Each structure stands twice: as structure tokens, then as C-alpha cells.
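Subject: Structure for your review

Dear colleague,

Please find below the structure that I am handing over to you. My notes on it follow directly after.

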Amino acid sequence: MLDHRVHVAIADELHEAGRSRTPVPLLTARYEGMVVEDSYAIQKIWAERQIEAGRKKVGHKIGLTSKAMQDATGITEPDYGVIFDDMVFETGCTLEWDAYTHPRVEMELAFVLKDELAGPNCTIFDVLRATEYVVPALEILDSRIEMEGRSIIDTISDNAAMGVMVTGGRPVSVDEVDLRWVAGLLSKNETIEETGVAAGVLNHPASGVHWLANKIAPHGDVLEAGEIILAGSFTRPMWVYKGDTVHADYGPLGTVTCRFV
């Protein structure tokens, strides 16, 4: 692994990149021998910088859980990042396109927890018992590191490319619908660009949540009651540009919309 001082320097570099909207060169091209453990250490320091700046952690995102996303990125294992309070928007919102770097949109389900989830032996049944409700959501991907040639190490260091999320539609309890069969139509400017089914996320969208609880357990971390967990995209990322309107149709669960200006 890299030295802790290097982790701190990279985290500070990424913090500044987020402020200036200027992506930094690939970390893996600059730091030989960098491993996944380095990237999570960097992400943790970066997250601490955000809390020091006054932001509040409200949840986690899980990424790269579906074949659609793994094929789109060439990365074959899930990852995770942190969600802060100023990253959560409601349907119908207007987002400033210039506030993001390479923004892309994905369709997901968000789990809101009523109870704590802790590994190392957390199961899908534990997730379902601990979930207050599930709600449709969009994730807007952002990037503080250049896109071309990035690896999972770059992506994790970059807070798993988390930008913001938009929630909407109809919240449902886990036993109200078959979550595997929640389907979605993702449109841009009234044209359907992507479609998907939530079972594409590790065969059940709750699977990513217990994966995350077990993944963070060795570090002494848990998923806390009240957290929002973005369970992973079941569509490929859709590029958006200034002036675009996004409409995500989740059928019986309603719609989520946003507009970029």
C-alpha cells in the first residue's frame, strides 16, 4: 500500500478537484502498485474532509452491481461511496450542468433503513427486515478523476463517481412489490434511451445492501438506522448535456424527473 501521507495528499487533491471542477490525471497512472485498499483509505480521508467542511453523511451508494454497468465500465466488482446531505434532491429539480464533470444518469432503487445493519454475516433477509421503505431514484454520476482508462481503484478513490441523487415516485415497503421485477424506462428529451429490471442488480436489489454491510464490517463500520442506500444501477449510464430533461418511469412506483440547465 501507499504511505498514509500519500493517501492524505491524494484526498486533498480530489477535494480541490471537486471544488474547481477540474478532473485530475488517473491515480493508477501516477502511483505504481496502488491497490484497492489504498483507494478506500483515500475515499475515507476525502469523506472526512467533507464532514470537516460542514457536510453531513446521510448514506452510501453501491456501484457496479449489474452486468449492464460492469460491461459499460469494464470493471467486474462492486464498489461503494458516501452520500452527503447536499447530494439528495427531489423529483422535478433543476440541476446546473456546469456543476458536474461528465454527468451521466442511472436508474436505481434506494433503500431507507429503519434499523442498523452490521456484518460480517449480514444476509438479504436482514436487509429486508431492516428496511423502512424502498423508493425510486436517479443517480447523477460525477468525476473528479479523468475518465479515459480509469480502473476500479481510480473510481473508488473518486467516491465511486457519486455526484448527486434524485428521489421520487412512490415509496413502498419491501413486501408490497416484488423488488426483483421493478422495471424502468429511462428517457432523455422524450426519447427512451435505456431500459432495465432491478433483478439485474446481483439478482435482487437488496443483495448489494448486505454486500456493503459485510464489506465495511472489517473496518468497524455499520450501516446506521436512517441511512439511504443507493442499491446500484440496473441501466447503463446515460450521458446528459445542458438543456436535457430526464424522465425515469418506474411503472407502478411512479416517475422521477430532473432537468439540466
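This is a predicted model: local features need pLDDT of at least 70, side-chain atom pairs count only at pLDDT 80 or more; totals for chains, interfaces and linings use all residues.

Two strands are taken as paired if DSSP finds at least two bridges between them.

Sheets and strands

Strand S12 (residues 245-249) and strand S13 (residues 255-260) run antiparallel and are joined by 5 bridges. Within this pairing, His247 has Thr257 of S13 as its bridge partner. Both strands belong to an open sheet of 5 strands with mixed pairing, in the order S4-S13-S12-S8-S9. The edges of this sheet are strand S4 (93-95) and strand S9 (191-197); each has a single partner strand, so one side of each is left without a neighbour in the sheet. On average, neighbouring strands here are turned by 20° against each other, direction ignored.

Strand S6 (residues 131-141) pairs elsewhere. Strand S5 (residues 104-113) runs antiparallel to S6 and is joined to it by 10 bridges, with Pro136 in S6 as the bridge partner of Leu109. S6 also pairs with strand S7 (residues 162-167), again in the antiparallel sense, over 5 bridges; there Glu139 stands opposite Met165 in S7. Strand S6 is mostly covered, 9 of its 11 residues being buried.

Aromatic pairs

The count of aromatic pairs comes to 5. In one of them, the ring centres of Tyr40 and Tyr80 are 4.5 Å apart and the planes stand at 20°, so the pair is stacked. Tyr40 belongs to helix H2 (residues 36-52) and Tyr80 to strand S2 (residues 79-84), so the contact ties together parts that are 40 residues apart in sequence. Both tyrosines, Tyr40 and Tyr80, are buried. Another pair is formed by Trp46 and Phe84, with centres 6.0 Å apart and planes at 65°, so this pair is edge-to-face. Trp46 in helix H2 and Phe84 in strand S2 are 38 residues apart, and their pair links distant parts of the chain. Trp46 and Phe84 are buried. Ring pairs also link Tyr40, Tyr80 and Trp211 into a cluster.

Salt bridges

A search of the whole structure gives 15 salt bridges. One of them joins the side chains of Arg21 and Asp142, at 2.6 Å from N to O. Arg21 is in the loop between H1 and H2, and Asp142 is in the loop between S6 and helix H5 (152-157), so this pair ties together parts that are 121 residues apart in sequence. Arg21 is partly exposed, at 23% relative accessible area, whereas Asp142 is buried, at 4%. These two residues take part in a network of salt bridges that links Arg21, Asp142, Arg144, Arg150 and Asp158.

Arg30 and Glu13 form a further salt bridge, with their closest N and O atoms 3.2 Å apart. Arg30 lies in the loop between helix H1 (4-20) and H2, and Glu13 in helix H1, so the pair ties together parts that are 17 residues apart in sequence. Arg5 and Asp3 also meet through their side chains in a salt bridge, at 3.0 Å from N to O. Arg5 is exposed, with a relative accessible area of 67%, while Asp3 is partly exposed, at 39%.

Cysteines

The search of the whole structure finds 0 disulfides. For Cys258, the nearest cysteine sulfur is that of Cys93, 5.3 Å away. Cys258 is buried, with a relative accessible area of 3%, and Cys122 is buried at 5%.

With kind regards

Note on methods. Residues are numbered from 1 along each chain as its sequence is written. Side-chain values use heavy atoms; hydrogens and water are left out. A disulfide is a pair of cysteine sulfur atoms within 2.5 Å. Buried means under 20% relative accessible area, exposed over 50%, partly exposed in between (1.4 Å probe, protein chains only). Helices (H or I, at least four residues) and strands (E, at least two) are DSSP runs, numbered from the N terminus. Rings of Phe, Tyr and Trp (its six-membered ring) pair if their centres lie within 6.5 Å; planes under 30 degrees apart count as stacked, over 60 as edge-to-face and the rest as tilted. Axes are lines fitted to C-alpha atoms, for helices over the stretch in contact, and angles run from 0 to 180 degrees between N-to-C directions. A salt bridge is a side-chain nitrogen of Lys or Arg within 4 Å of a carboxyl oxygen of Asp or Glu.
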